[in-house]
Amino acid sequence: MPYQTGSFFASLFSFYNYFIEQFGYAKLGINKKLARKYEIWERTSELGMIYPLDNCVIVSQKPTVIHMNDNRVLHKDGAPALEYAGRGNFKLYYLNGVKVPEYLVMTDSHKLTTEQFLAEKNADVRAEFIRKFGVENLLNLGRKIDSYEKYDVPYWASSQYELWDMECLFQTHNYAPFLKMKNPTTGVWHVEGVSPACRNLHEAIKERFGGRDFIIEAMA
């Protein structure tokens with residue numbers, strides 16, 4: 001379906017208007033007919049999305065609410081990221097630029113359920129579910145295979161390495177190992193998938209280091 005983006009195109013008009021104001025239509029080689037068309041097009045920035053059909057034109061109002069995160073993508077936890085007034089009173093829900101179901105935005109993280117996660121099929125929505133639900137809560141769905149506590153390796157202990165089987169999250173996997181670790185410098189936790197060939201921490205850590213065995217004497 002053809003469409004015009006209305007107010008979402010406003011930045012382009014500011015670019016064109018600079019040259020029009022500096023030089024005028026005549027010096028730019030724009031005749032009156034074309035100038036009139038441009039001015040009509042420019043006024044669409046006062047509207048929302050526009051859908052010109054064969055027998056009618058659908059014009060939407062501009063959003064009444066827009067929420068974005070620091071990366072300038074639609075995002076709001078606990079409320080709609082985008083709202084439109086008028087008929088329908090549309091509300092759209094986004095987390096970090098990903099369109100998600102209403103429940104994921106409006107439900108407190110501690111009230112989310114594993115059944116809801118397992119019912120989600122979209123990978124991007126699942127990623128946002130995990131971000132909100134919390135990695136630790138999600139790991140508790142799985143089974144711990146191996147832990148740094150079984151070994152006398154100081155740098156394994158500093159990173160608190162653990163290997164978890166998360167096959168419960170995948171319909172086509174009988175074994176899905178993930179390596180959990182803490183960055184000893186920043187204190188940030190990470191969880192990375194490793195190949196099913198990894199059955200213990202030694203194999204998982206070796207794979208993570210590109211198949212090489214490292215003996216780390218000290219860490220900064």
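Select helix α5, residues 123–133; helices (H or I, at least four residues) and strands (E, at least two) are DSSP runs numbered from the N terminus. Its buried residues are V125, R126, E128, F129, K132 and F133, where buried means under 20% relative accessible area, exposed over 50% and partly exposed in between, with a 1.4 Å probe and protein chains only. These residues lie on the same side of α5, because they cover an arc of only 165 degrees around the axis, the arc being that of the directions from the helix axis to the C-beta atoms. An α-helix has 3.6 residues a turn, so residues three or four places apart point the same way.

The model is a predicted one, in which local features need pLDDT of at least 70 and side-chain atom pairs count only at pLDDT 80 or more, while totals for chains, interfaces and linings use all residues. Residues are numbered from 1 along each chain as its sequence is written, and side-chain values use heavy atoms, with hydrogens and water left out.

Next, display what covers the buried residues of α5: this includes β6 (94–95), β7 (98–99), α3 (102–106), α4 (114–119) and α6 (135–139), with contact meaning heavy atoms within 4.5 Å. On the face turned away from the buried side, select the exposed residues A123 and R131.

Now inspect the ends of α5. N122 caps the N-terminal end, with a side-chain oxygen 2.9 Å from the backbone nitrogen of D124. Just after the helix, G134 takes a positive phi of about 105 degrees.

Return to R126, whose charged end sits over the ring of F117, 4.5 Å from its centre; this requires NZ of Lys or CZ of Arg within 6 Å of the ring centre and within 35 degrees of the ring normal. The charged end of K180 likewise sits over a ring, that of W189, 4.6 Å from its centre.

From K180, move to its bridge partner in β11, V191. Strands β10 (residues 177–182) and β11 (residues 189–193) pair in the antiparallel sense over 5 bridges; strands pair if DSSP finds at least two bridges between them. They form a hairpin with 6 residues between them, and G187 in the turn has a positive phi of about 80 degrees.

Finally, select F9, F13, F15, Y16, Y18, F19, Y38 and W41, which ring pairs link into a cluster. Rings of Phe, Tyr and Trp (its six-membered ring) pair if their centres lie within 6.5 Å; planes under 30 degrees apart count as stacked, over 60 as edge-to-face and the rest as tilted.

Note on methods: A polar contact is a pair of N or O atoms within 3.5 Å; within protein, one must be able to donate a hydrogen and the other to accept it, and residues adjacent in sequence count only if both atoms are side-chain atoms.
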